Amino acid sequence: MTSVAGKTKFQIDLRQHLRDQNISGNLVHLICEIAEASKYVINAVRTGDLGVAGTSNLYGEEQLALDVLSDRIMRKRLQHSGVVCNIASEEMEQIFQVSSSPQGMFSVAYDPLDGSSLVDVNLAVGTIVGIYQGADLLQPGRKMVGAMYILYGPRVSLVYSVGKGVYEFTMNQLMEYTLTRENIRMEPSGNIYSPGGLRKKYSPENESFIKYLEDKGSKLRYSGGFVPDINQILIKGKGIFMYPALNDSPNGKLRLLFELNPMAFLLEQAGGLATNGEIPILDIVPEGVEDRCPVYIGCREDVEKAGEFLKGAC
Ligand code: AFP
């Protein structure tokens, strides 16, 4: 167990850890503000209204009251942080400009409550965040300066990276985030697979890849929540999540800015890989905030193998 100034790693809180990472004070402040916002989001998840809001989001999907509330919690916190210029959210129709002077500021793309349709059956959900330097949100994900997610499960955990490895913090009884895992690393190949979408809409190549995974002994683990499904693969260090192109949706379902880029950043930092079947997710140049794309994300060799199946090389 590591020790910093006489404290075990289990007592190191998020702010103290971030200050030790040699990153800008503004970035420390921003990550801590998002962590603070998550405490209100988990309260909303635990006690809030489970009904619909009567509105729709950027994608024309019906919003739940919890989606709208979580979005307001996140937006307010970011808006008043003093270090954010632009905000894009899965729940907002347009980019929200907080400040027109990007000097020393950040732009943030987030999904405030991913998997919100699972709250009524009491499954885990999460918040996903990507952080960019300056005002431009339509940059390849590789330009992000930080990414994080907060998982609202039986415990609340926060996983982040600023390009210096991946760290997990867990909320304690005082609602503080304390360090629980450092420098999380993924195995080259794994034995868990999480396949999203309807299998009858998969291409023959994707079906063959699933058969390959099953033949090599991979177990199905799919909750329908992107954050818990990715968290399982990342923390166990083994496995692959895929949401491929479907017959009737060539770009799959998941959103590049709000879901895929932050997770791709985190898994690459842990030694894993994320592609759309051809190129790394982080190299895709977004055309609009609403972009979606197919994804294969997890252990490096498994993701590369998916690419080979899609090319017809297997
Ligand atoms: P909801 O927010 O509508 O519940 O969607 C969740 C999600 O975007 C992501 O969290 C899951 O991985 C994915 O959709 C599940 O989609 P399928 O039900 O089509 O597999």
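1. The centres of domain 1 and domain 2, taken over C-alpha atoms, are 22 Å apart. The assignment puts domain 1 at 7-181 and domain 2 at 192-310, with bounds from an automatic or database domain assignment. Bear in mind that this is a predicted model, where local features need pLDDT of at least 70, side-chain atom pairs count only at pLDDT 80 or more, and totals for chains, interfaces and linings use all residues. Residues are numbered from 1 along each chain as its sequence is written, and side-chain values use heavy atoms, with hydrogens and water left out.

2. On the domain interface: 44 residues of domain 1 touch 33 residues of domain 2, contact being heavy atoms within 4.5 Å.

3. Now the ligand. Both domain 1 (7-181) and domain 2 (192-310) supply residues to the shell around the ligand, so the ligand lies between them. The shell has five nonpolar, seven polar and four charged residues; Tyr counts as nonpolar here, and Gly as polar.

4. There are 16 residues around the ligand, and Asp 114, Ser 117, Tyr 222, Phe 226 and Tyr 243 come nearest (near means a heavy atom within 4 Å).

5. Polar contacts next (N or O atom pairs within 3.5 Å). The side chain of Tyr 222 has an N or O atom 2.4 Å from a ligand oxygen. For Phe 226, a backbone N or O atom is 2.9 Å from an oxygen of the ligand. Glu 259 places a polar side-chain atom 3.2 Å from a ligand oxygen. Of the 490 Å² of accessible area that the ligand has on its own, the protein covers 78% (Shrake-Rupley method, 1.4 Å probe).

Methods:
A polar contact is a pair of N or O atoms within 3.5 Å; within protein, one must be able to donate a hydrogen and the other to accept it, and residues adjacent in sequence count only if both atoms are side-chain atoms.
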